[in-house]
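Trainee: I have a model open and want to go through a few local features. Can we start with one of the loops?

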Amino acid sequence: METCKVEFDSLEWQEAMPGARFKIFSDGKKQMRLLEFTSEFVEPHWCEKGHVGFVLNGELEIDFDGQIVSYIQGAGIFIPTGALTKHKARSITPSVQLFLVEDV
């Protein structure tokens with residue numbers, strides 16, 4: 001079933017903002033993102049979207065409104081949608097790559 005296979009190598013990188021780029025596959029309901037942050041990335045707003053994923057390489061810190069949680073290579077990420085889990089992420093290594101599955 002080739003229709004159930006996503007070739008991330010064939011997808012183009014898209015720039016989100018300085019220091020952040022991604023590759024994305026979406027079926028209109030769910031999306032998979034390969035996301036890369038560099039230490040240059042500064043998240044301008046609090047995010048209230050939910051994310052489920054995995055740190056592929058590098059190290060990431062996520063600020064949950066003052067509570068800082070570190071995620072190292074191999075760590076899972078499970079952030080429910082909503083204001084109670086609003087967050088901002090930043091790379092604490094020169095770059096970090098994440099694989100995320102999200103609702104559209």
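Mentor: Take Asp65, in the loop that links β5 (60-64) to β6 (67-71). Strands here are DSSP runs of E with at least two residues, numbered from the N terminus. This is a predicted model, where local features need pLDDT of at least 70, side-chain atom pairs count only at pLDDT 80 or more, and totals for chains, interfaces and linings use all residues. Residues are numbered from 1 along each chain as its sequence is written, and side-chain values use heavy atoms, with hydrogens and water left out.

Trainee: What is the phi of Asp65?

Mentor: Positive, about 50 degrees, although Asp65 is not a glycine. Most residues other than glycine have a negative phi.

Trainee: Is Asp65 buried or exposed?

Mentor: Exposed, because its relative accessibility is 52% and the cut-off for exposed is over 50% (buried is under 20%, partly exposed in between; 1.4 Å probe, protein chains only).

Trainee: How many bridges join β5 to β6?

Mentor: Five, and the two strands run antiparallel. One of the bridge pairs is Phe64 with Gln67 of β6. Strands count as paired if DSSP finds at least two bridges between them.

Trainee: What is the strand order in the open sheet?

Mentor: β6-β5-β8, three strands with antiparallel pairing. β6 and β8 (88-91) are at the edges with a single partner strand each, so one side of each has no neighbour in the sheet.

Trainee: Different topic. Where is Thr85, and what does it touch?

Mentor: Thr85 is in the loop between β7 (76-79) and β8. Leaving out residues up to four places away in sequence, Thr85 touches Cys47, Phe64, Ile79 and Pro80, with contact meaning heavy atoms within 4.5 Å. Thr85 is buried, at 19% relative accessible area.

Key:
Helices (H or I, at least four residues) and strands (E, at least two) are DSSP runs, numbered from the N terminus.
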